[in-house]
Amino acid sequence: MSSGAPGARYYRVDCENGITVDDPSEDSLHMLIGDLDGDDNTFLVLQPDAGSGSWFATVAVLEDGGFDVVRRDPERHEHEVTTETSVARIAHELTVWAARRVRPSARV
C-alpha cells in the first residue's frame with residue numbers, strides 16, 4: 001500500500017506488518033488503525049519524512065481493547081499518552097496533529 005511516490009512529502013506511516021503509506025489521508029489512517037490487531041500488526045508509527053523533524057506518534061493495540069496513542073514532539077516539549085477506542089477520533093486527531101507539525105501556521 002505504498003504510495004508509489006519516491007518518498008513522503010511531509011510524513012509517513014509505518015506499520016508493524018511492513019505496510020508504509022506516504023502522506024496518508026485521514027481515511028488512510030482510519031483504515032490502517034482499523035487493520036491493527038493483537039497478533040502480527042499491533043502498532044503503527046506516524047513520523048516526518050527524513051530530515052523533517054523529530055516528532056512522532058504511535059498507535060498500539062491494547063490487550064483489553066482500544067488503543068494506546070502516544071504523541072511526542074521534543075522540539076515543542078510535548079509528550080502525550082492517551083487511551084482511545086474510536087478509530088475515527090484517532091485518525092482525525094493524528095491528521096490534525098501531524099498537519100500542524102509540517103505546516104505550523106496552518107489552522108486545521
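Author: From the N terminus on, the elements of the protein chain follow the order β-β-α-β-β-β-β-α, that is, two helices and six strands. Helices (H or I, at least four residues) and strands (E, at least two) are DSSP runs, numbered from the N terminus. The model is predicted: local features need pLDDT of at least 70, side-chain atom pairs count only at pLDDT 80 or more, and totals for chains, interfaces and linings use all residues. Residues are numbered from 1 along each chain as its sequence is written, and side-chain values use heavy atoms, with hydrogens and water left out.

The part to look at is strand 5, residues 67–73. Five of its seven residues are buried, so the strand is mostly covered; buried means under 20% relative accessible area, exposed over 50%, and partly exposed in between (1.4 Å probe, protein chains only). For the protein chain, buried residues make up 36% of the 108 residues.

Strand 5 has a partner on the way in and another on the way out. Two strands pair if DSSP finds at least two bridges between them. Strand 4 (residues 56–61) runs antiparallel to strand 5, and six bridges join the two. Strand 6 (residues 78–84) is also antiparallel to strand 5, with seven bridges between them. Valine 69 shows both pairings: valine 59 stands opposite this residue of strand 5, and threonine 82 is its bridge partner in strand 6.

Each pairing is a hairpin. Between strand 4 and strand 5 there are five residues, and glycine 65 in that turn has a positive phi of about 105°. Between strand 5 and strand 6 there are four residues. Histidine 77 lies in this second loop, and its phi is near 55°, a positive value in a residue other than glycine. Most residues other than glycine have a negative phi. Histidine 77 is exposed, with a relative accessible area of 74%.

A nonpolar core is a set of buried Ala, Val, Leu, Ile, Met, Phe, Trp, Tyr and Cys residues joined through side-chain atoms within 4.5 Å. The largest one here has 21 residues, of which Ile33, Leu44, Leu46, Val59, Phe67 and Leu94 touch the most other members. At least two residues of this core come from each of strand 1 (11–15), helix 1 (26–34), strand 3 (43–48), strand 4, strand 5 and helix 2 (87–102). Helix 2 supplies the largest share, six residues. In soluble globular proteins, nonpolar side chains tend to be buried together.

Contact means heavy atoms within 4.5 Å. Leaving aside neighbours within four places in sequence, isoleucine 33 is in contact with Leu44, Val59, Phe67, Val87, Ile90 and Ala91.

Aspartate 14 is found in strand 1 and is buried, with a relative accessible area of 19%. A polar contact (a pair of N or O atoms within 3.5 Å; within protein, one must be able to donate a hydrogen and the other to accept it, and residues adjacent in sequence count only if both atoms are side-chain atoms) of 2.7 Å joins the side chains of aspartate 14 and glutamine 47.
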